[in-house]
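These are my notebook entries on one protein chain. I begin by placing the structure on the page.

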Amino acid sequence: YTVVNLGIKQPVSAIIEAALAHNADAIGMSGLLVKSTLVMRDNLEELNQRGLAEFPVLLGGAALTRAFVEEDLNDLYAGEVRYARDAFEGLSLMEKVVAVKRGEPGAALPEPRRRRVRAVPRANENGDRSTSRSDTARSDVARGADVAVPAPPFWGSRVVKGVKLADVSGWLDERATFMGQWGLRGSADGPSYEELVETEGRPRLRHWLDRIHTGSLVEPAVVYGYWPCHSEGNTLILGDPENPGTEVTRFEFPRQSRDRRLCLADFFRDAGEAAELGPDVIALQLVTMGSRVAEATAELFAADAYRDYLELHGLSVQLTEALAEYWHARVRAELGLTGDGDTGAMIRDQAYRGSRYSFGYPACPDLADRAKLVTLLRPDRIGVQLSEELQLHPEQSTDAIVVHHQEAKYFNAR
């Protein structure tokens with residue numbers, strides 16, 4: 001396929017102009033920011049108004065969910081809209097789009113996947129439906145004396161460089177690498193996934209880890225630290241390490257409108273508990289694999305070495321996540337938290353106390369809060385910058401807040 005890459009932050013007029021000029025078979029858009037969902041909705045409405053719904057539209061990116069795309073947006077658009085979880089699903093969808101266009105017998109796009117249950121906001125005492133941000137009543141998570149607040153080894157931030165690749169690779173999620181990044185999938189009439197892992201996945205992984213090591217393609221580094229904090233409703237307030245009563249920043253989190261009505265702020269002492277028992281503690285971390293690996297992947301792409309590009313890029317992304325997991329374990333050890341399972345269970349099932357949350361994901365979807373974390377951690381000390389689009393550069397970087405509460409696990413606050 002020929003891909004006409006228009007770049008980021010393109011107005012819908014530019015997208016339409018290019019689609020018409022190149023006689024495109026489909027239009028693709030990707031959204032990393034929560035506000036991208038609104039832009040995509042507007043773009044689809046513009047396509048409707050211009051009578052251009054003959055273009056199938058493929059959408060993806062961290063800001064989107066399959067249900068939002070294939071129910072909400074597909075219902076809005078006069079044509080067909082489908083969600084692509086990754087490049088492999090995008091390629092599969094394109095094959096179906098082209099088959100339909102050619103009129104191949106039996107060719108069709110997959111049926112849109114719709115929500116099984118439509119979420120209904122909880123009613124307040126007046127019978128009104130409250131929003132996730134206006135509802136500040138705390139959930140049923142343990143609090144006060146039932147939660148032991150650990151003492152951090154220091155306050156403020158520290159920089160760590162020279163992390164060994166072997167320490168990072170020990171936390172690599174192989175399944176996410178082989179299946180999610182490299183596209184290894186078994187088939188009924190061919191080798192199974194397990195066979196492909198042994199014959200292709202692990203040999204290629206050993207090859208790449210050796211190449212990364214000998215070529216010094218990664219420079220793992222971390223900036224992290226601890227801040228005193230307390231909650232007020234749905235807001236978490238961080239204090240000055242030297243004067244906890246002085247606010248340095250605050251994060252406002254959404255609250256579930258059903259189920260347990262969880263909110264990240266619930267996992268920390270409130271103002272009254274902090275006054276009586278002392279402040280709570282939150283850890284912030286930002287990790288990077290350095291800029292060299294991004295340069296190496298760009299060189300492979302420019303040389304048309306697409307398989308090597310795909311494998312190195314995918315592995316570097318997963319190594320970044322592995323470094324984040326490794327350092328999260330370090331934070332738990334420094335806080336004296338116990339209960340870690342084996343490494344595989346920790347990667348797969350969060351078999352440890354507390355949780356690590358990244359901005360832009362369901363429990364804390366506001367990516368703009370990343371700027372506050374960056375201000376506190378100052379990751380320029382390890383070569384990481386924040387773009388105007390709130391993306392970390394180099395790409396092989398990721399950040400998180402670390403919550404120590406024993407009930408803190410992943411949840412969706414939307």
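Entry 1
Which residues does Cys-229 touch, not counting residues up to four places away in sequence? I looked this up in what is a predicted model, where local features need pLDDT of at least 70, side-chain atom pairs count only at pLDDT 80 or more, and totals for chains, interfaces and linings use all residues. I note also that residues are numbered from 1 along each chain as its sequence is written, and that side-chain values use heavy atoms, with hydrogens and water left out. I found that Cys-229 touches Leu-236, Ile-237, Leu-238, Phe-268, Pro-279, Asp-280, Val-281 and Ile-282; contact means heavy atoms within 4.5 Å. Cys-229 belongs to strand β5. Strands (E, at least two residues) and helices (H or I, at least four) are DSSP runs, numbered from the N terminus. With a relative accessibility of 2%, Cys-229 counts as buried. Buried means under 20% relative accessible area, exposed over 50%, and partly exposed in between, with a 1.4 Å probe and protein chains only. I also looked up a separation: the C-alpha atoms of Cys-229 and Ala-298 are 41 Å apart, and the two residues are 69 residues apart along the chain.

Entry 1: the whole chain.
I recorded 12 helices and 12 strands for the chain. The radius of gyration is 23 Å, close to the 22 Å that the globule rule gives for 414 residues, so the chain is as compact as a globular protein of that length. The radius is taken over C-alpha atoms, and the rule is 2.2 Å times the number of residues to the power 0.38. The C-alpha trace spans about 70 × 65 × 40 Å along its principal axes. Of the 414 residues, 47% are buried. I looked next at contacts between residues at least 6 apart in sequence: 73% of them join residues at least 24 apart.

Helix α4 covers residues 87-102, which is 16 residues. From its first C-alpha to its last, α4 reaches 22 Å, close to the 22 Å expected at 1.5 Å a residue; the expected span is 1.5 Å times one less than the number of residues. Which residues of α4 are buried? I listed Glu-89, Gly-90, Leu-93, Met-94, Val-97, Val-98 and Ala-99. These buried residues pack against β2 (57-60), α3 (66-76) and β3 (81-83).
Ala-107 lies in the loop between α4 and β4 (156-161). Its relative accessible area is 28%, so Ala-107 is partly exposed. Leaving out residues up to four places away in sequence, Ala-107 touches Ala-99 and Val-100. The C-alpha atoms of Ala-107 and Val-97 are separated by 8.4 Å, and these residues are 10 residues apart along the chain.

Entry 2: backbone details in loops.
Where is Ser-216 placed? I found Ser-216 in the loop between α7 (193-214) and β5 (221-232). The phi of Ser-216 is near 50°, a positive value in a residue other than glycine. Ser-216 is partly exposed, at 48% relative accessible area.
Arg-378 also has a positive phi, of about 50°, although it is not a glycine. I located Arg-378 in the loop between α12 (370-377) and β10 (385-386). Its relative accessibility of 43% counts as partly exposed.
My last item is a cis peptide bond, with omega of about 5°, that joins His-393 and Pro-394. Pro-394 sits in the loop between β11 (392-393) and β12 (397-403).
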